[in-house]
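Subject: Structure handover

Hello,

Here is the structure I promised to pass on. Please open it first, then read the notes below it.

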Amino acid sequence: MTANKTLQTTLIHHDYEPPQGFGAFPPAIHHASTVLFDNVAALRSGDWKDKTGYTYGLHGTPTTFTLEAKLAAIEGGTHCLLAPSGLSAITMVDLGLLKAGDDVLLPDNVYHPSRVLGNWLQQSMGITARYYDPLIGAGIAALIRPETKLVWTEAPGSVTMEVPDLPAICAAARARGVPVALDNTWSAGVALRAFELGVDIVVQALTKYQSGGADVLMGAVIVRDVALHDKLALSHMRLGLGVGADDAYLVMRGLPTLKLRFDAHDAGARTVATWLKARPEIARVLHPAFEDCPGHATWRRDFTGAGGLFSVLFDARYGEAQTDRFVDSLKLFKIGYSWGGPNSLCVPYRMQGMRSGWDAAGTLVRFNVGLEDPADLIADIEQALAALAY
Ligand SMILES: *Cc1c(COP(=O)(O)O)cnc(C)c1O
């Protein structure tokens, strides 16, 4: 057959098929925009929502379906949808469940870009976005209105690390028929059984621990309810949220070591945070496993571990210029956003304007403890603390 074609066509059409029966641990990586149908009837019967078949690369391949199934299993859910970033996974939820006239509740310590999105929904789309005290617990019942269609939670919240009472919030929302979404990135799904606490929708920024390499951006939305999944799948489809096959593979490659890495980050972070807590330069350690963290008792009740991420408040006698010099003096801790990779990171935050209810004195600095030897990280912090004196 090949012999009858011109070279140009032969470059594109080739009949070779490799032998069947190849076995290996890594799953195959399927690259595709076009997915082929055997005949017109198969093309006409294709359903992009139904993962029993394939219609188009954007709507799923064996590679993305496999990653979705693995992530759903880790979280204890049944359905998962991938998105090209953690933030686009959050967007999928907001635009899938909210319409003009609706109301959404977000914790005051929500991941900041999620707050920027909430403000945009309010300004441009006729949706009300209100922010609540993350430690509100059952008190959230008083904030739920007939038009409230979604409650966001984050455990612990970004940067300031307050741990919310998820069972109390979920029970109050469930009594009013309002779904609760949890940004569960901090626990990677390995240190918190979100669905068992009553959460309806779990979001993960796979960019962090699941990838583990600081080299991929990806997000996931996981649920246990088919009707909810169908709504979110429609949002996923409308927004065109595809992920690349190679990126999906990179995340899959990180999963077998997810818990081992998470536990190593956890141990390293507790060692570094314990050392910092004893230092006179540090006023408070905002790490859920430490008593000075708001919601510590809730963390002890609901979580089985912590990650590499925590914040500290420097003593109020140090101004921003001094704490900036501290951060600039660090050598192993690099300055940059995100976490979950092997490298330790540090970010100073200006809290003014980030929270409606934050009045603690002292500069806040967030540490992400990577996988380096904690003793070396402590030595790095110790030499950088000397810069505070000048
Ligand atoms: C990083 C992060 C996100 C967003 O993930 P990206 O992939 O960077 O968009 C969302 N929520 C939390 C809590 C995060 O830390």
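Contact here means heavy atoms within 4.5 Å. Helices (H or I, at least four residues) and strands (E, at least two) are DSSP runs, numbered from the N terminus. Buried means under 20% relative accessible area, exposed means over 50%, and partly exposed is in between (1.4 Å probe, protein chains only).

This is a predicted model, in which local features need pLDDT of at least 70, side-chain atom pairs count only at pLDDT 80 or more, and totals for chains, interfaces and linings use all residues. Residues are numbered from 1 along each chain as its sequence is written, and side-chain values use heavy atoms, with hydrogens and water left out.

Helix 3

Start with helix 3. Its buried residues pack against strand 1, strand 6, strand 7 (219-223) and helix 8. Those buried residues are Thr-63, Thr-64, Phe-65, Leu-67, Glu-68, Leu-71, Ala-72 and Glu-75. Helix 3 has 14 residues. From first C-alpha to last it reaches 20 Å, close to the 20 Å expected at 1.5 Å a residue. The expected span of a helix is 1.5 Å times one less than its number of residues. Just after helix 3, Gly-76 takes a positive phi of about 80°.

The cores

A nonpolar core is a set of buried Ala, Val, Leu, Ile, Met, Phe, Trp, Tyr and Cys residues joined through side-chain atoms within 4.5 Å. The largest one has 85 residues. Phe-310, Phe-326 and Phe-367 have the most contacts inside it. Helix 9 (residues 258-277) supplies the largest share of this core, 6 residues. Another core lies apart from it, with 26 residues, including Ile-90, Met-92, Val-93 and Leu-117.

What does Phe-367 touch, leaving aside its neighbours within four places in sequence? The list is Leu-276, Gly-308, Leu-309, Phe-310, Val-312, Phe-326, Phe-333, Leu-345, Cys-346 and Ile-381.

The 20 residues of helix 9 should span 28 Å at 1.5 Å a residue. Its end C-alpha atoms are 28 Å apart, which agrees. Its buried residues include Leu-258, Phe-262, His-265, Val-272 and Leu-276. The buried residues of helix 9 pack against helix 3, helix 8 (245-254), strand 8 (282-286), strand 9 (309-314), strand 12 (364-368) and helix 12 (374-385).

Leu-377 is found in helix 12. It counts as buried because its relative accessible area is 0%. Leu-377 and Thr-271 are 106 residues apart in sequence, but 9.8 Å apart in space, C-alpha to C-alpha. Leaving aside neighbours within four places in sequence, Leu-377 is in contact with Val-272, Leu-332, Phe-333, Ser-344, Val-369 and Glu-372.

The pockets

On a 1 Å grid over the protein atoms alone, a pocket is an open set of points where a 1.4 Å probe fits, with protein on both sides within 12 Å along at least five of seven lines; lining residues have an atom within 4 Å of a point. Grid points are joined across faces, edges and corners, and a volume is the space filled by probe spheres set on the points.

The largest pocket has a volume of about 490 Å³. Of its 30 lining residues, Tyr-111, Pro-113, Ser-158, Lys-208 and Trp-339 are the closest to its centre. Helix 4 gives the most to this lining, with 3 residues.

The second largest pocket has a volume of about 290 Å³. It is lined by 25 residues, and Gly-57, Leu-58, His-59, Gly-60 and Thr-64 lie nearest its centre. Helix 3 (62-75), strand 1 (79-83) and helix 7 (226-239) each give two or more residues to that lining. Helix 7 gives the most, with 4 residues.

Backbone points to check

Most residues other than glycine have a negative phi, and most peptide bonds are trans. These places depart from that.

- The peptide bond from Ala-155 to Pro-156 is cis, with omega near -10°. Pro-156 sits in the loop between strand 4 (148-154) and helix 6 (166-175).
- Ala-214 has a positive phi, near 55°. It lies in the loop between strand 6 and strand 7. Ala-214 is exposed, with a relative accessible area of 68%.
- Ser-338 has a positive phi of about 80° although it is not a glycine. Its loop runs between strand 10 (334-335) and strand 11 (345-349). Ser-338 counts as partly exposed, at 24% relative accessibility.

Best wishes
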